[in-house]
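Hi everyone, thanks for coming. Let's take a short walk through a structure that may be new to you, so please have a look at the screen.

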Amino acid sequence: MDEFEAIADPVRRALIERLARGPARVVDLAADHPISRPAISRHLRVLGEAGMTTVVDQGRERHYELAPGALGPVRAWLDAVDSRVVEPRFDDRHLDALDLEVRRTVRERRQPEADAESLDSAPTLTDSIKRHEETG
């Protein structure tokens, strides 16, 4: 099994995260999950087959550790993908210039409307005469 298949399972990813903090026994790892110790052992076996964990016997206990460089192939693949990500062809100054142009265009389009509205609302000669007659 390769590294990607090994980390595909959420329980195995959680085990890797836990083992990254230091070695642990199966009983300790099982305490963190709602599954049985045999199930945790099977997950650890899969991680071991993928070369991601090692076992250190300490007396009667077996301590599982994250293998040095275990995530190296995954990291290398992610780095390769990241290096192929196309950077944008423009930066913030281009976006600022675009924002300025949009604002200017909106303002210019509103100006004729405002001029037309001011002409419509401008007092006419008839309005002036009526007001003069009303006020005396």
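Which residues in the largest nonpolar core touch the most other members? Keep in mind as we look that this is a predicted model. The core has 18 residues, and the ones that touch the most other members are L15, L19, L29, I40, L44, L47 and M52. Helices α2, α3 and α4 each give this core at least two residues, with α3 covering 26-31.

Let's stay with one of those names, L19. Leaving out residues up to four places away in sequence, L19 touches A24, L29, L44, T53, Y64, E65 and L66.

Now for the helices themselves. Two packed helices are described by the angle between their axes and the distance between the axes. Here, α2 spans residues 10-20 and α4 spans residues 37-49. Their axes are 10 Å apart, and the helices pack at an angle of about 75°. Angles of 65 to 115 degrees count as roughly perpendicular, so α2 is roughly perpendicular to α4.

Who meets whom there? On the α2 side we have V11, R12, L15, I16 and L19, and they meet I40, H43, L44, V46 and L47 of α4. By type, the residues of this contact are eight nonpolar, one polar and one charged.

One last stop, friends: E5, which sits in helix α1, residues 3-6. Is E5 buried, exposed or partly exposed? With a relative accessible area of 44%, E5 is partly exposed. E5 and L47 lie 42 residues apart in sequence, while their C-alpha atoms are 9.4 Å apart in space.

Technical notes: Residues are numbered from 1 along each chain as its sequence is written. This is a predicted model: local features need pLDDT of at least 70, side-chain atom pairs count only at pLDDT 80 or more; totals for chains, interfaces and linings use all residues. Side-chain values use heavy atoms; hydrogens and water are left out. Axes are lines fitted to C-alpha atoms, for helices over the stretch in contact, and angles run from 0 to 180 degrees between N-to-C directions. Helices (H or I, at least four residues) and strands (E, at least two) are DSSP runs, numbered from the N terminus. Angles under 35 degrees count as roughly parallel, over 145 as roughly antiparallel, 65 to 115 as roughly perpendicular and the rest as oblique. Contact means heavy atoms within 4.5 Å. Ala, Val, Leu, Ile, Met, Phe, Trp, Tyr, Cys and Pro count as nonpolar, Asp, Glu, Lys and Arg as charged, and the others, Gly among them, as polar. A nonpolar core is a set of buried Ala, Val, Leu, Ile, Met, Phe, Trp, Tyr and Cys residues joined through side-chain atoms within 4.5 Å. Buried means under 20% relative accessible area, exposed over 50%, partly exposed in between (1.4 Å probe, protein chains only).
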